Amino acid sequence: LGERDIRREILKHRTKLKSSALADEADSAGFLLLMEQAVREMKAGNPQTALTYLDRALSVHPGDTDMRIWRGRARLQAGFYQDAVEDAKAVLDSTRTADNPAAHIIMGEALYSLGNFEHALVHFYRGLRQSDLLMSEKE
């Protein structure tokens, strides 16, 4: 095989990859990189920077509940409480059983910050109850 043959095979493989179901897997490396960078920025205390990475990651995979949870946490830390409520609602609506403790905790924190104390207490209770149930199942 010559240089032209190798180049032609690579281009042919790329076009097949783009048109196949493997395109999501090939793109997941970029998605994972965005996710890791967002988590790193959150741990470093930079929620604004993390939000840019999380928004880009959600544009790649809009239905990912873990990314919505992380974006909700980043919005809480950045002070965007109403946006955090929207992310938590999206997670709770996407999981039909509404058994995501992290989403309930985010919702509770955001509602508390907005001054809606009664609803915040309900979500804190649901989140903590579900996390206790999950812990008892693991034992």
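A: Arg 71 is a buried residue, because its relative accessible area is 11% and buried means under 20% (exposed is over 50%, partly exposed is in between; 1.4 Å probe, protein chains only). The model is predicted, so local features need pLDDT of at least 70 and side-chain atom pairs count only at pLDDT 80 or more, while totals for chains, interfaces and linings use all residues. Residues are numbered from 1 along each chain as its sequence is written, and side-chain values use heavy atoms, with hydrogens and water left out.

Arg 71 forms a salt bridge with Asp 55, with 3.0 Å between the closest N and O atoms. This pair links distant parts of the chain, since Arg 71 lies in helix α4 (residues 65-78) and Asp 55 in helix α3, 16 residues apart. A salt bridge here is a side-chain nitrogen of Lys or Arg within 4 Å of a carboxyl oxygen of Asp or Glu. Helices (H or I, at least four residues) and strands (E, at least two) are DSSP runs, numbered from the N terminus. Asp 55 has 35% relative accessibility, so it counts as partly exposed.

Arg 71 also forms a salt bridge with Asp 87, where the closest N and O atoms are 2.8 Å apart. This pair again links distant parts of the chain: Arg 71 is in α4 and Asp 87 in helix α5, 16 residues apart. Asp 87 is buried, because its relative accessible area is 1%.

Asp 87 meets Arg 68 in a further salt bridge, at 3.2 Å from N to O. Arg 68 is in α4 and Asp 87 in α5 (residues 81-94), 19 residues apart, so this pair too links distant parts of the chain. Arg 68 counts as partly exposed because its relative accessibility is 24%.

By this rule the count of salt bridges is four. Asp 55, Arg 68, Arg 71, Arg 75 and Asp 87 are linked in a network of salt bridges.

Helix α3 (residues 47-60) has 14 residues and reaches 20 Å from first to last C-alpha, close to the 20 Å expected at 1.5 Å a residue. The expected span is 1.5 Å times one less than the number of residues. The buried residues of α3 are Pro 47, Ala 50, Leu 51, Leu 54, Ala 57 and Leu 58. Seen down the axis of α3, these buried residues fall within an arc of 130°, so they line one face of the helix. The arc is that of the directions from the helix axis to the C-beta atoms.

What does a buried charged residue without a salt bridge look like here? Glu 41, in helix α2 (residues 22-43), is buried and has no salt bridge, and the nearest side chain of opposite charge, Arg 40, is 7.1 Å away. Lys and Arg count as positive and Asp and Glu as negative, while His and the chain ends are not counted. Leaving aside neighbours within four places in sequence, Glu 41 is in contact (heavy atoms within 4.5 Å) with Asn 46, Thr 49, Ala 50 and Tyr 53.

As for the whole chain, there are seven helices and zero strands, and buried residues make up 28% of the 139 residues.
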